[in-house]
Amino acid sequence: MKKIIINIFNILTVTGIILISCSKETVAPEKSNGYKVNIKAVNGSGSTKAINENAGKIVTTFLNTENIYFCNLSDANKIDATPVNPTPDAVDAHDARIVGTLSGETSASVAITYAVGNNLRLLYNTPSNGVVDYTAQNGTFAALVNSATADVTINGLSGNEITASDANFLNLQSIFKLTFKYGETTLNVKYFRITSGGNKLQYQYNAATGTGSYGPVDVYTTSTAPYYVALRFDATPSDPIVFEVVDTDGKVYTGVKNAPATSGFANSKFYTTDISVTPHVFSLSETKAVYFAPGNLVKSGANHLFERAYFSNLGYGSADPATADPTSYFQWSQISSSVNKLTDVPVLFTIAGVSNWKTFGHKEMTYLINSRSMTAGVARYYVVSQSNITSGVGLLLPPDGATTGDVSGLTSGSFTSNINIATYIAKGFVFLPAEGYYRSSWRIIDSYYDKNIFGYYWDCSYYSASGAQFLNFEGTTSSPYYEIVYNSYMENTPYCSVRLYHQ
């Protein structure tokens with residue numbers, strides 16, 4: 001078993017380059033008319049599943065079961081369908097030979113032309129399409145995403161034998177070792193979301209083209225502290241990184257950690273740090289305060305999740321949202337078992353291993369929007385549009401105890417446009433995006449007749465055999481106005497958004 005030996009300090013620490021193996025790809029059969037490669041990999045490039053912390057040393061070696069895909073940058077970024085494995089040097093496994101036979105075609109059987117002078121990108125530990133996804137990690141070291149690339153040039157082609165310059169692999173991400181603390185207490189966490197305040201975090205990265213997709217990264221974990229996650233940032237000095245955390249009791253916390261002031265979070269590093277977080281509650285009556293889920297309800301397969309990014313609109317456009325997978329639109333009967341006006345019976349959901357998530361009742365929502373006590377100068381809600389992640393209108397709810405400083409930049413009683421939602425999420429606010437609804441046809445943001453306007457959220461309260469109550473808000477940035485309706489009802493068959501809470 002290969003090893004990486006790391007000395008970890010109790011404060012934020014940066015060490016050297018690390019690579020960790022991820023899932024293995026099935027090797028396609030070699031073709032007799034393929035291209036043989038024999039390339040030297042140097043400088044300890046490679047990966048391992050084993051990390052030991054000891055004596056301040058870092059040792060990296062290659063693993064011969066890991067896949068390397070070849071992307072020809074000089075031929076439209078085509079990726080060869082057949083991966084090659086490294087062969088570690090018998091004396092010093094810091095070095096290796098990359099020896100094998102390429103198919104000379106893509107997985108779609110499109111021919112790839114190799115020629116002297118072509119620039120190749122070697123994709124280490126990526127999927128066969130070269131797209132690295134950081135959204136499916138579970139907080140353990142073994143499940144870390146860790147991919148790398150090396151650019152080489154073909155300097156010889158004799159028959160079907162390719163020779164090229166040496167490969168020096170560089171990691172595409174850094175590894176973060178995180179502990180979440182409320183005061184002196186280390187939290188046992190079931191879920192956390194990481195958001196870049198400047199939208200500099202990539203949840204996916206296309207290693208072949210060098211392009212990223214930006215947005216939050218969610219981690220659902222059954223592990224205990226510390227938690228490991230691989231992240232890829234555009235290095236930005238002092239970028240505020242926002243953490244939303246759910247513990248085993250369903251309490252929801254937020255915290256912020258600024259990127260290093262001189263360089264930001266660089267790739268190919270190892271960071272370890274404590275994240276200080278604070279819980280935030282919202283009153284639904286004079287005697288009941290709850291924690292709101294960090295995202296709208298999503299159904300994916302047999303599981304329920306939190307919507308990772310605002311305006312994901314999962315299931316949008318399907319003929320029936322009930323059959324869409326995943327979906328973020330639900331009928332009232334999926335979230336409520338209420339059968340009369342006197343008693344609310346919300347359906348209970350288990351998310352992130354925490355049971356008893358449920359949606360609010362009509363009286364609870366009315367109290368939240370219209371009656372709860374707030375600090376002077378702080379409104380119970382603000383209708384806003386966000387600026388830096390995706391354009392869109394939403395309802396921003398300050399937590400109980402929010403101060404006038406917390407609502408700086410927001411205007412009560414009118415529409416507030418172009419705000420950075422992450423700034424307020426870091427203070428414990430809840431954002432309800434206006435994602436429209438489905439009746440017999442889609443009405444949703446970005447459609448021509450209601451762009452960035454309508455938000456519909458079910459509550460669990462009964463109105464009639466065919467009707468149910470809901471929260472509706474709307475707003476527009478073109479000629480700013482807003483409206484919020486919390487004392488109405490509609491038929492119970494449309495598909496609407498759902499936001500859960502935990503007590």
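**Entry 1: a strand pair**

I started with strand 21, residues 252-258, and found that it pairs with strand 23 in the antiparallel sense, over two bridges. I looked for the partner of tyrosine 253 and landed on proline 279 in strand 23. A reminder to myself: this is a predicted model, so I am reading a prediction throughout.

Which sheet do these two strands belong to? I traced an open sheet of five strands, in the order 18-15-20-21-23, with antiparallel pairing. Strand 18 (217-220) and strand 23 (278-279) are the edges; each has a single partner strand, so one side of each has no neighbour in the sheet.

I checked the confidence next. The chain has a mean pLDDT of 87, and 85% of its residues reach 70 or more. Two stretches made me careful. Over residues 1-32 pLDDT stays under 50, and the model has 122 contacts beyond four places in sequence for them. Residues 48-59 also stay under 50, with 44 such contacts in the model.

**Entry 2: the whole chain**

I noted two helices and 39 strands. Of the 503 residues, 54% are buried. I also looked at contacts with a separation of 6 or more: 71% of them join residues 24 or more positions apart.

**Entry 3: strand 22**

Is strand 22 mostly covered or mostly open? I found it mostly covered, with five of its seven residues buried. Strand 22 pairs with strand 13 in the parallel sense, over seven bridges. One spot I picked out is lysine 181, which stands opposite serine 276 in strand 22.

**Entry 4: the cores**

Which residues touch the most other members of the largest nonpolar core? I wrote down Leu178, Phe180, Phe192 and Ile194, out of 40 residues in that core. Among the elements that give two or more residues to this core are strand 4 (68-72), strand 13 (174-182), strand 15 (189-196), strand 16 (201-206) and strand 20 (240-247). Strand 18, strand 19 (227-233) and strand 22 (270-276) are on that list too. The largest share, six residues, comes from strand 19.

I zoomed in on phenylalanine 180. Leaving out residues up to four places away in sequence, phenylalanine 180 touches Thr185, Thr186, Leu187, Val189 and Phe192, and also Tyr227, Phe243, Val245, Ile275 and Val277. There is a second, separate core as well: 27 residues, including Ala293, Phe306, Phe330 and Phe454.

**Entry 5: glutamine 137**

I went looking for glutamine 137 and found it in the loop between strand 9 (131-133) and strand 10 (148-158). Is glutamine 137 buried or exposed? Its relative accessibility is 4%, so glutamine 137 counts as buried.

I then asked what its side chain reaches. A polar atom of the glutamine 137 side chain lies 2.8 Å from the backbone nitrogen of alanine 230. A polar atom of that side chain also lies 3.3 Å from the backbone nitrogen of valine 145. Setting aside neighbours within four places in sequence, I listed the contacts of glutamine 137 as Ala143, Leu144, Val145, Asp218, Val219, Tyr220, Val229 and Ala230.

**Entry 6: aromatic rings**

How many aromatic pairs does a search of the whole structure find? I got 28. I opened the pair of tyrosine 220 and phenylalanine 306: the ring centres are 6.5 Å apart and the planes stand at 20 degrees, so this pair is stacked. Tyrosine 220 lies in strand 18 and phenylalanine 306 in strand 27 (residues 303-306), so the pair ties together parts that are 86 residues apart in sequence. I compared their cover too: tyrosine 220, at 23% relative accessibility, counts as partly exposed, whereas phenylalanine 306, at 3%, counts as buried.

Next I took phenylalanine 233 and phenylalanine 265. Their ring centres are 5.4 Å apart with the planes at 40 degrees, so I logged the pair as tilted. This pair links distant parts of the chain: phenylalanine 233 is in strand 19, and phenylalanine 265 is in the loop between strand 21 and strand 22, 32 residues apart. Both phenylalanine 233 and phenylalanine 265 are buried.

Conventions:
Residues are numbered from 1 along each chain as its sequence is written. This is a predicted model: local features need pLDDT of at least 70, side-chain atom pairs count only at pLDDT 80 or more; totals for chains, interfaces and linings use all residues. Side-chain values use heavy atoms; hydrogens and water are left out. Two strands pair if DSSP finds at least two bridges between them. Helices (H or I, at least four residues) and strands (E, at least two) are DSSP runs, numbered from the N terminus. A nonpolar core is a set of buried Ala, Val, Leu, Ile, Met, Phe, Trp, Tyr and Cys residues joined through side-chain atoms within 4.5 Å. Buried means under 20% relative accessible area, exposed over 50%, partly exposed in between (1.4 Å probe, protein chains only). Contact means heavy atoms within 4.5 Å. pLDDT is the predictor's confidence in each residue, from 0 to 100. A polar contact is a pair of N or O atoms within 3.5 Å; within protein, one must be able to donate a hydrogen and the other to accept it, and residues adjacent in sequence count only if both atoms are side-chain atoms. Rings of Phe, Tyr and Trp (its six-membered ring) pair if their centres lie within 6.5 Å; planes under 30 degrees apart count as stacked, over 60 as edge-to-face and the rest as tilted.
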